[in-house]
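Thanks, everyone. I will go through one model this morning, starting with the sheet and ending with a loop. Please have the sequence and the coordinates open.

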Amino acid sequence: MEKPVTSFLHTPFPLFLIFFLVKGIKGNIGVNYGTVADNLPPPAQVARFLLDSTIINRVKLYDTNQEILQAFAHTGIAITVAVPNNLIPNLTNLKFSQQWVKTNIAPHVPATNIVRIVVGNEVLSTTDNSVVSSLVPAMQTLHAALVGEDLHRRIKVSTPHSLSILSSSSPPSSGRFKQGNIVQVVRQLLGFLRATDSPFMINPYPFFGYSGNTLDYAMFRPNSGVFDEMSQRKYTNMLDAQLDATYSAMKQLGFGEVEIVIAETGWPSRGDPGQIGVDTESAREFNGNLIKHVMSGLGTPLMPNRTFETYIFALFNEDQKPGPTSERNFGLFHPDMTSVYNSGILRHKAGSKSPSNWNPERGVPVAGNNGGGGGGKTWCIPRSGASDEVLQMNIDYVCGLGFDCQPISKGGRCFYPDSVRAHAAYAMNVYYQATGRHDYDCDFRSTGAITSSNPGYGRCKY
């Protein structure tokens, strides 16, 4: 994390309710899983904890730790992996990229739901010109290697940035990238992201931009706000201003339609003596308001009516991180997996998310008792009006858990009709039948519907 350029809802909110309030709206909350510590629990224990005990459905790593990737197999949790900055020049060589994918990615797919590779971290904020100049060529070559493995549709390539790449961010509508080498690289990068349908990833931290006078503004508390004379928009929180400054810079280059992902943001629960607003209550309040806001569907003044895929920094307090005390205290959890504070991401119902017929050896449900569905035979199909984008996510989730999706693969008995809706009907029903045929097993965030009419046809038996 770097200190970004400074640029100019308060009620505590149970985060588990957010997903019910925004049904039908795309949005995901993830967490950054850092490992700069000597006291962290085993990855298998972490994966099971996140799956069974929290609402987190996405995890971002800072490497391709093979033990961690194996631990998340058959969980369905969407994983982002990373290439370290020092390997970026090597990735410009196609043979190197191909071998890197074969070694670090291919062995884990599809069991582990790897959805993105980030090339480096805040590369454009470094002073290593060889790494900066290699960034986009490395991403292009890595994408070509994924194409060679037929993984490019499943796995996207991007890279996160700090806000220090902006020369101007206040007011937000004046946001611009720094001139010279940075803006040239960013223009090439945005062209690649648009061509591959990948997001622009940014690390906006209100924590690094606030002062005593702007604490309420940074924390999403009621405040007088900041008015942007150029856009005639009012800002009531710093995160929106940071996001819109980034959007303005992208739009000025002609890439306003590229999706923005919040790759890192958070608030520490402990700091050095004298720091204002750095305590467990402030961290709880910021992260609670953050998730409520990014998932609300309100968007920002310049990007209204949308949500943001967001990764909270961080999963654990990391005791080996250098720097001020706050750097070691961004975690939602202690290493023993007790909460640092009540963040609201723990599931409120006791018991496991895992189906009753879960096979702990493979992590996938096995054929057998259909459980407590009761009554006559029922099936799960996509609800009318559900978008192909959401239904594809349902397919990826079910198949990522390890269910048999061969029938909807090319040549399979249920491949035709070759449509997302037809394939989703098969995948969603497989999950519904295997996990007990309860109503909630067909919810899929309100995109599933239960029917008493068998949707099977011809060779495609349900």
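Two strands count as paired here if DSSP finds at least two bridges between them. Helices (H or I, at least four residues) and strands (E, at least two) are DSSP runs, numbered from the N terminus. Before the details, note that this is a predicted model, in which local features need pLDDT of at least 70 and side-chain atom pairs count only at pLDDT 80 or more, while totals for chains, interfaces and linings use all residues. Residues are numbered from 1 along each chain as its sequence is written, and side-chain values use heavy atoms, with hydrogens and water left out.

The protein chain has 13 helices and 17 strands. Of its 462 residues, 56% are buried, where buried means under 20% relative accessible area, exposed over 50%, and partly exposed in between, with a 1.4 Å probe and protein chains only.

Now the sheet. It is open, with 9 strands in the order S5-S4-S3-S2-S1-S13-S12-S9-S6, and the pairing is parallel. At the edges are S5 (156–158) and S6 (160–162), each of which pairs on one side only. On average, neighbouring strands are turned by 25 degrees against each other, direction ignored.

Take S2, residues 58–61. Which of its faces are covered? Both: Arg58 and Lys60 on one side, and Val59 and Leu61 on the other, are all buried. In general, side chains in a regular strand alternate between the two faces of the sheet. S2 pairs with S1 (residues 29–33) in the parallel sense over 4 bridges, and Val31 stands opposite Val59. The relative accessible area of Val59 is 0%, so Val59 is buried. Its contacts (heavy atoms within 4.5 Å), leaving aside residues up to four places away in sequence, include Val31, Leu50, Phe72, Ile79 and Tyr311. Val59 and Tyr311 are 252 residues apart in sequence, yet 7.6 Å apart in space, C-alpha to C-alpha.

Next is S4, residues 114–119. Because 6 of its 6 residues are buried, S4 is largely enclosed by the rest of the structure. S3 (residues 78–83) runs parallel to S4 and is joined to it by 5 bridges; Thr80 has Arg116 as its bridge partner in S4. S4 also pairs with S5 in the parallel sense, over 3 bridges, and there Arg116 stands opposite Lys156. Elsewhere in the sheet, S12 (residues 260–265) and S13 (residues 310–312) pair in the parallel sense over 2 bridges, with Thr310 as the bridge partner of Ile262.

On to the helices. H6 (residues 129–148) and H7 (residues 181–196) pack at about 10 degrees, with axes 9 Å apart. H6 is therefore roughly parallel to H7, a label for angles under 35 degrees; over 145 is roughly antiparallel, 65 to 115 roughly perpendicular, and the rest oblique. Axes are lines fitted to C-alpha atoms, for helices over the stretch in contact, and angles run from 0 to 180 degrees between N-to-C directions. Among the contact residues are Val136 and Met139 of H6 and Leu189 and Phe192 of H7. H7 also lies across S5, S6 and S9 (200–203), running at about 165 degrees to S5.

Last, the loop between S12 and H11 (280–294), which holds Pro273. Is Pro273 buried or exposed? Its relative accessibility is 82%, so Pro273 counts as exposed. Pro273 and Thr325 are 52 residues apart in sequence and 9.4 Å apart in space, C-alpha to C-alpha.
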